[in-house]
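User: Hi! Could you walk me through how this one is put together?
Analyst: Happy to, let's take a look.

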Amino acid sequence: MRNLTIAMTGSGGTGVVALGEMLLRAAAGAGYYGILRKTFGPQIRGGESAAVVRLGPRPLASFCGEIDLLLVLDWSHFQRFADEIPLSASTLIIEDVAAGARPQQLASELLAREQGVQVLDFSGLAQAQGSAHSNIALLGYVAAWLGCDGEPLQSAIDHRLHKQGAEVVALAHSVARAGAELLQQAPINLQPPDAGAAAESPWLATGNQLAGLGALEAGIRFVAAYPITPASDALEWMAGRIESLGGRLVQAEDELAAVNMAIGAGFGGVPAMTATSGPGLALMSEAMGLAVASETPLLVLDVMRGGPSTGIPTKSEQSDFNLAVYGLHGDAPHVVVAALSLADCHYSVAWATQLASERQTLVLVLSDQFLGQSMQVLPPLPSLPFHAELSRASLPPPAGADYFRYLDTDSGISPMALPGQPGGEYTADGLEHSQSAVPSARAQDHEQQLAKRQRKLQSLAASTQWGEVSALPQARILILCWGSLFPVALEAQQRLQERGTPVTVVGVRLLAPLPLESLLRSMQDMAQVLLVEQNHQAQFAHYLQSQLTQAQRAGLPELTCYSRPGPRLFTPQEIMQQVEGLPRA
Amino acid sequence: MLKAKQYKSGVKPIWCPGCGHYSVLNAITKAFAALEQSPEQAVLVSGIGCSSRLPAYLNSYGFHGVHGRALPLATGLKVARPDLNVIALGGDGDGFSIGGNHFLHACRRNVDLVYVVMDNEVYGMTKGQASPTTPEHWQHSKLTPHGPEVRPFQPCALALAAGAGFIARGHSGDPNGLAQMLFAAVKHPGFAFVQVLSQCVTFCPEQVQWKEQVHAESVGTDNPAEAAHFLHSDDGFAKGIFYCNPRTPWPLPHDSQATDLREGFRL
């Protein structure tokens, strides 16, 4: 079961990201599973960019540490992301003749390696056909090596370029063919990855697209947002589709407007969301408190990037945890959900959409740049049972009866009348209010409403969707993680098992309210717990520990935390190293 | 059909005796009666400030949101629920200072809303600080003891520049005239801006003189150049519908065919 990782680097404009996308699509057409990630500098055009594709016979949801093959169209700026593309002595390097000078630091290392650097004239091949696109020649060359240079490659090129007209497509086909033919004279000294038994009509999708799919399928019909990297492409995907469902997407003047627009729509009974990233989430925090206080359904998707402040807009990090969980003023209970994989962006967002309507409050979904902008070949996703409308607690008040919008019920959820319903008229309010929705500064009303808003989330902690458990019977070590580290931890689990160290992996989907009982149960028979997360301050680890009573803490196995910031992706090897370094019980 | 007073909720306003906002509340109920507005189909959306407390005093639906964000809240509601009559309202601080950006974009976006700003040139709820419409040399706030020392801006001229299609100014001393103006604003397709000179007798007692200063003007035009000329030579006390030039409200209807959401993911 050989997987293989191919990195492609160039400056923006050389088309390495397009190359990666077409290669993944062509490989998928030939029966490979795979995943692609993109890494950019901040420049719009002309900066550094790279794509990394991992291919194999089984679905791949994470990346490993090794790069087997490096394809270089342009060496300039390579050093800027060299630590994200770690080369080893066994990395095979193929460079275009026009790739420019190799980075000085790298040059001497390269000369000393067992594998040399193969220099090929992809730009010349393209030029001979009257094309400037050396990336297409390289694409044909690598596709031929993978055995997908026939129909799969043609349809990948068509898919990418068809909007540019038949001439452009025909030229690309012929440049790719020239690249494919080059393989016979210049074979790649590396065995291609194993292909799978052709995946049954696989999907090709990014996490941001799947988050959009989850939202629209679960009934979101209003979106308002302000452009921000790396959330914009989720919005762009929805913009092209929401109107055909009778909904609307509004590009707002800023994030303050975006979140308030979504609250307005939610008050009107139309399931609504916004999507943003760290700086935008910070701007939205006041109005998120309004959704909590006024008990208005609101879904917020935060595609995390490096922070604080503008931080590293194009790269991944799990550092908005504290803002998402603690970032509201006042006592403002709300729900925080983290997507556990690219495919889980679909599941988590759909579930969150239902929760927002059902609990009449703010539900925040944390994704990140890695999940959002990576592209994966995956089996078709099942339809989900989550829907905002099914669970709406809105009830027209019985004729003639008094209607209390903020009635203090056992569940904490009160009937929510919608504008247009006679007899249900009320004023939603961010001011504290009585059960009948009249503004109130009385201690009694405040305590009652605070308790009610807390109570309506309590039962959530026991929901079966709280997380994913991958248990091995003999495991005495638990790897605990949340969000996008889950697939990485699963791969570490598999590799550790091959080395005779069984571990169990738990990925936490529901971050707030914390599913403490389920977590304690998963820890109880363990000798060691390793908590991993991608931020500098170990934000989730501190949160978890703050929720434990002294007695609970005393009964638990030793908890070791390994946390570090982005933008370097976590690798299975890195987690394995931490597991192997744990003190033996 | 309801009478004007039947649109009130019975909740007692927090406003000071003599506050202009009482008469704005009355004008809204009169306009509703004239419009034969069903209470469940109207939503009053506000921000924070004395005037923003108004939605709770009506028996229609309402949303009292956060400071400065009445317009986006109302925009989201109206775009999602075009069947409703949505009226955003608030004060000069809420609308022109903390919410200033939304004011510009609401004028430009032209969603079918009415926006009523009760302008008393002062922050009343926080006990009398200068707002964007406070006169340059007003020295009654401890926060700006020398006065704001910056020129007040002109909301109607700003609305015109930003693209509003309906611009009017009323006075709380004339609730009947204001009711007629609000009636026209609701009927106007697209964004309709109504500035109401609504006195704060507590922090700006001199504003009781406004009743002597306001003067009716029948300059109503659909020509933006004429409206601009008028608004730039205006003394701030002219009353009337200054500009009315309807254009198709946003969002525009599009033909869109049913889409298979999953189609694009298949290889």
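Analyst: A quick definition before we start: two residues are in contact if their C-beta atoms, placed from the backbone, lie within 7 Å. Also, this is a predicted model.
User: Thanks! Which domains does the assignment give for chain A?
Analyst: The assignment lists domain 1 (4-185), domain 2 (204-378), domain 3 (393-462) and domain 4 (466-580).
User: How many residues of domain 1 of chain A are in contact with domain 2 of chain A?
Analyst: There are 16 from domain 1 of chain A, and they meet 13 residues of domain 2 of chain A.
User: Which element gives the largest share of that side of domain 1 of chain A?
Analyst: That would be β2(A), with eight residues. Both α1 (16-29) and β2 (33-40) of chain A supply at least two residues each.
User: And what is that side like by class?
Analyst: On the domain 1 side there are ten nonpolar, two polar and four charged residues.
User: What separates the centres of the two domains?
Analyst: The centres of domain 1 and domain 2 of chain A, taken over C-alpha atoms, are 33 Å apart.
User: New topic: helices. At what angle do α7 and α12 of chain A cross?
Analyst: Helix α7 (residues 207-217) and helix α12 (residues 342-359) of chain A cross at roughly 30°, and their axes come within 7 Å. Angles under 35 degrees count as roughly parallel, so α7(A) is roughly parallel to α12(A).
User: Is that crossing left-handed or right-handed?
Analyst: The crossing of α7(A) and α12(A) is right-handed.
User: Which residues make the contact?
Analyst: Among them are L210(A) and L213(A) from α7(A), with H346(A) and V349(A) from α12(A). By class, the contact of these two helices has ten nonpolar, four polar and one charged residues.

Conventions:
Residues numbered from 1 in each chain as written. Chains lettered and ligands numbered in written order. Predicted model: local features only at pLDDT ≥ 70, side-chain atom pairs only at ≥ 80, totals over all residues. Domains from an automatic or database assignment. Helix = DSSP H or I, 4+ residues; strand = E, 2+ residues; numbered from the N terminus. Nonpolar A, V, L, I, M, F, W, Y, C, P; charged D, E, K, R; others polar. Axes fitted to C-alpha atoms, helices over the stretch in contact; angles between N-to-C directions. Parallel < 35°, antiparallel > 145°, perpendicular 65-115°, else oblique. Left-handed = near helix turned anticlockwise from the far one by under 90°.
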